[in-house]
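Please look at the sequence and the structure first.

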Amino acid sequence: MRGDDAPSSDVGPSPEHLAALEAVLMVVDEPVPATQLAGVLDLSMAQVSALLEELAADYRGERQGRRRGFELREVGGGWRVYSAPAHADVVGRFVIDGQTARLTQASLETLAVIAYRQPVARGRIAAIRGVNVDGVVRTLLARGLVEEAGRDADGGPMLYRTTAYFLERMGLGSLADLPPLAPFLPDLDMLDDGEL
């Protein structure tokens, strides 16, 4: 397996490498790191990066072809094919038609606490939200949006964090891409005046 920046035994990536890369990307169900793709294709990271950029540009219609209904994106530390945002409404209707798989308000609030405070214990989440969160955390675990992150060294409760699937579903490259919370917090003057 390769994945380093050393050249492969070939002169460079061939159209066959491009086709093989595309075939792998069509069967993955979660983003695949470029290093893993480089290892599978026996190419350097630089070569695989060039192939990924070439495919992404081709899908956007920048290589003398038509714009596709899908695109190649780097999300959550890896690469994957996604439907194009221009067709989100149609795809959404197709996928959601007849389903009620949306998260409840309680689930969204709990997910936000975990995303911004991770790793965080269930008791801390409950203290922030002011309600019992046991069932909600179980739901988020079952949906693959959060995962156990080990035990707290002090008291031993289980800690929770978001998953790569969470990043993928939110369209984030990393947790650093989460929007800042400051614009949504009340002013200190409002707290002093007792308006909340």
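## Helix α3 and its packing

Helix α3 has 15 residues and reaches 21 Å from its first C-alpha to its last, close to the 21 Å expected at 1.5 Å a residue, where the expected span is 1.5 Å times one less than the number of residues. Helices (H or I, at least four residues) and strands (E, at least two) are DSSP runs, numbered from the N terminus. The model is predicted: local features need pLDDT of at least 70 and side-chain atom pairs count only at pLDDT 80 or more, whereas totals for chains, interfaces and linings use all residues. Residues are numbered from 1 along each chain as its sequence is written, and side-chain values use heavy atoms, with hydrogens and water left out.

The buried residues of α3 are Met-45, Gln-47, Val-48, Leu-51, Leu-52, Leu-55, Ala-56, Ala-57 and Tyr-59, buried meaning under 20% relative accessible area, exposed over 50%, and partly exposed in between (1.4 Å probe, protein chains only). These buried residues pack against α1 (15-27), α2 (34-41), β1 and β2 (78-83), a contact being heavy atoms within 4.5 Å. After α3 comes Gly-61, whose phi is positive, near 85°.

The structure holds 1 aromatic pair, formed by Tyr-59 and Phe-70 in an edge-to-face arrangement, with 4.8 Å centre to centre and 70° between the planes. Rings of Phe, Tyr and Trp (its six-membered ring) pair if their centres lie within 6.5 Å; planes under 30 degrees apart count as stacked, over 60 as edge-to-face and the rest as tilted. This pair links distant parts of the chain, since Tyr-59 is in helix α3 (residues 45-59) and Phe-70 in strand β1 (residues 70-75), 11 residues apart. Tyr-59 is buried, with a relative accessible area of 1%, while Phe-70 is partly exposed at 26%.

A salt bridge also joins Asp-58 and Arg-68 (3.5 Å, N to O), the term being used for a side-chain nitrogen of Lys or Arg within 4 Å of a carboxyl oxygen of Asp or Glu. Asp-58 belongs to helix α3 and Arg-68 to the loop between α3 and β1, 10 residues apart, and the pair links distant parts of the chain. Asp-58 is partly exposed, with a relative accessible area of 22%, and Arg-68 is partly exposed at 22% relative accessibility.

## Charges and rings

Arg-73 forms a salt bridge with Glu-71 (2.8 Å, N to O); Arg-73 is partly exposed at 28% relative accessible area, whereas Glu-71 counts as buried at 15%. Arg-73 also lies over the face of Tyr-82, at 4.4 Å from the ring centre, and the charged end of Arg-80 sits over the ring of Tyr-82, 5.3 Å from its centre. A charge sits over a ring if NZ of Lys or CZ of Arg is within 6 Å of the ring centre and within 35 degrees of the ring normal.

## The chain as a whole

The whole structure contains 7 salt bridges. One of them joins Arg-129 and Glu-109, with the closest N and O atoms 2.9 Å apart; Arg-129 lies in helix α6 (residues 122-129) and Glu-109 in helix α5 (residues 105-117), so the pair ties together parts that are 20 residues apart in sequence.

The chain has 9 helices and 5 strands, and 30% of its 196 residues count as buried.
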